[in-house]
Amino acid sequence: MKLELGNIFIKDIQFGTESKIENGVLTVSEEAVKAIVLEDEKIKSVNLDIAKPGESVRITPVKDVIEPRVKVEGRGGIFPGVIAKVDTVGSGKTYALKGMAVVTAGKIVGFQEGIIDMTGPGADYTPFSKLNNLVVVCEPVEGVKQHDYEKAVRIAGFKVAVYLGELARELTPDETKVYETYGIMEGKEKFPELPRVAYVQMLQSQGLLHDTYVYGVDAKKTLSTIMCPTEIMDGAIVSGNCVSACDKNPTYVHENNPVVHDLFEEHGKTINFVCQIITNENVYLADKMRSSDWTAKMCRMLDLDAVIVSQEGFGNPDTDLIMNCKKIEAEGVKTVIITDEYAGRDGKSQSLADADVAADAVVTGGNANQVIVLPKMDKVIGTLDYVNTIAGGNEHSLREDGTIEVEIQAITGATNETGFGYLSAR
Amino acid sequence: MGGFMIITNNTLVKEKFGTDYHVEYEELSFEDTLKKVRDMIYDGYKLLTHPLSGSVKPKETPYKSVLMSEKPEGLDMQSMKLIESAIQACGKFQDRTGQYDSDVYEDFRLIDCTLIGSAIPSAECW
C-alpha cells in the first residue's frame, strides 16, 4: 500500500468572513464552524478561540487534539467509519495541514484533565504548544448524559477538522512524502537481508473516556489485527480518551504516530517495516490473555524478527504490556517496549504495576508524578474550575497568585508513550 | 468456568447491577476495597478484572469495583501478583478523595461503573 502525504504548512490562523487557506494563512469563518458543531442537538453552545505558540494562553480541560486532513486521491475519506463511509484508507494521496490543530475543550466530567500552556515551562511538556490551535469549547444542553456529550464533542472535533481539511483540496502541498509497505512475500523478496520489524500498538479500551475507535469500531470489542501503517495517516484510528492526559493518545498522535514515521524512515534501509499490529487494553483479564495470545501468534505467523510495542495509559495496561512482551519474546521475536512511569513524586517508587525479565529493552516517556509549577497565564481558554480536581492536582493546586502546582500527568501529551514529544534525556 | 460477582464500594454499581448480578457492596476506601479483594484471593477467589482498571488514579477516585469468581477456585498466582502490585501502587498517589464537590463524586461513580460495566459482556461469554 502506498500513500503520498502532502504537507501544507499553516503559519497562522485568523478569523474572517470566509474560510480559506492563502499563503499559509488559515482564515476561519466562525459562523461556518459553529454551524457544524451545533448540528448536534446535544451541544447547546460553542465558542471558538485561537491560541498561538508563545502566547500567554492556557487551554484546559482539553479533550482531543486533531490535525485537519483531506483525502485527495484513492479509496475512502478521512476518519473512515466515523465521518467518511467505511472503506479501506491508506493509499492514494492525502493532504495534511501541518503546524496547526483543532483542539476540543470543555468539561465532560468534573475531574477532567488536560492542560496545554502555549508558553512557559508547561509548554515544553506538551508538543501541542508548538501549534496554531483552533480551540472549540462546547457546552452541553441541560441534562445530557456524559456518554452522549463525550460522543458529541468527539464527533464535533472530527467534523471541524474535516471541514478545514477540505479547504486544502485544490492546493499544492509545500512538501510531499511517500510511504509504502509491501505484501508479505513481496517485502521478503524486495529486502531479503533486512530484519522484519512490526509495530504493536496497544489501544486504550476500558470504558467511558477511556476508549479508542478503529474504523468506527470500539477497540474493546475487537481482536488483535494487522493494519497497513499508512491507514492511520487517514484517520483510521481515533481517540475517545481524555482521562490521564499525559499518556493518552489524542487523535493527532494517531494521525502522526512517531513510531510509524520513524520505522518508515528506516524502511528499506536497515529494516523491513512489515506492518502495524493493533491490540486492546480491556479490563477483563481473560480478554487480556486472548488479545496478547493473538498478538504473539501473529508476530510468529508474520515471521517477524522484532517489534516495537507502545502502551497507552497507566496501571491496567501495564499488564497488557508485559503480557505482550513476554509472549512475543517467547515466540523468538525481540521486543522493545515504550511506556511511561508513575514512580512517585520523588521518583523512587516502582514505575510500573507489572514487570518481567523479558522486558529488557524499555523506553520511557518520563515520570508522570513529576511536579511542575505552571505560571499564571494572561488568558484561559476553557476553565480553571477543575484544576484542583484533575489528576496530579490537589486543593492547593490553583494558588492565589494564579500559578498552578501539578504533576505533569495533568499536561496533555507530557509523557506520551509513542514518544510524541520534544523532551528527552539526551 | 463458574459465575462472577462484583466487589464494590460504589453505590451506583450496586444500584445498576445489583438486581441482575451478585454485587457485594461495602462502604470502604479505595485501598481497603483492594485489601478486601486481596483477602478473598488468599481465600481462593480468582480475580477476573484488573484492579487498576481506568486511568483515574488510586486515591484520586474513591471508587473501585472488581469482578471476582463467584466461588473459590484455588489459589491463583496471577491474581495474587496483580492485587499486591495494585495495593503497592496506591502508595504513589496522594489521597484526595475527600476534596471534591458532590457532582464530581457522581462523575467518579459513573466512570467506575462504566469501567466495570465494560467487563460484564466478556464475563457473560463464559
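Two residues count as in contact here when their C-beta atoms, placed from the backbone, lie within 7 Å. Keep that in mind as you look around this predicted model.

**Stop one: chain B.** Select chain B on its own. Among its contacts between residues at least 6 apart in sequence, 77% join residues at least 24 apart. Colour by secondary structure and you will find five helices and three strands, which run along the sequence as β-α-β-α-β-α-α-α.

**Stop two: where the chains meet.** Now show both chains and select the contact, with 34 residues from chain A and 36 residues from chain B. On the chain A side, pick out helix H7 (285-301) and helix H8 (316-330), each of which supplies at least two residues. H7(A) gives the most, with three residues. Colour this side of chain A by class and you get 13 nonpolar, 17 polar and four charged residues.

**Stop three: the core.** Next, look for the largest nonpolar core, which has 161 residues. The members that touch the most others are Val103(A), Val136(A), Ala198(A), Val307(A) and Met68(B).

**Last stop: Val103(A).** Centre on Val103(A). Beyond its neighbours within four places in sequence, Val103(A) is in contact with Ile59(A), Val62(A), Val65(A), Ile116(A), Asn133(A), Val135(A) and Val136(A).

Key
Residues are numbered from 1 along each chain as its sequence is written. Chains are lettered from A and ligands numbered from 1 in the order in which they are written. This is a predicted model: local features need pLDDT of at least 70, side-chain atom pairs count only at pLDDT 80 or more; totals for chains, interfaces and linings use all residues. Helices (H or I, at least four residues) and strands (E, at least two) are DSSP runs, numbered from the N terminus. Ala, Val, Leu, Ile, Met, Phe, Trp, Tyr, Cys and Pro count as nonpolar, Asp, Glu, Lys and Arg as charged, and the others, Gly among them, as polar. A nonpolar core is a set of buried Ala, Val, Leu, Ile, Met, Phe, Trp, Tyr and Cys residues joined through C-beta atoms within 7 Å. A residue is buried if 20 or more other C-beta atoms lie within 10 Å of its own, exposed if 12 or fewer, and partly exposed in between; C-beta atoms are placed from the backbone.
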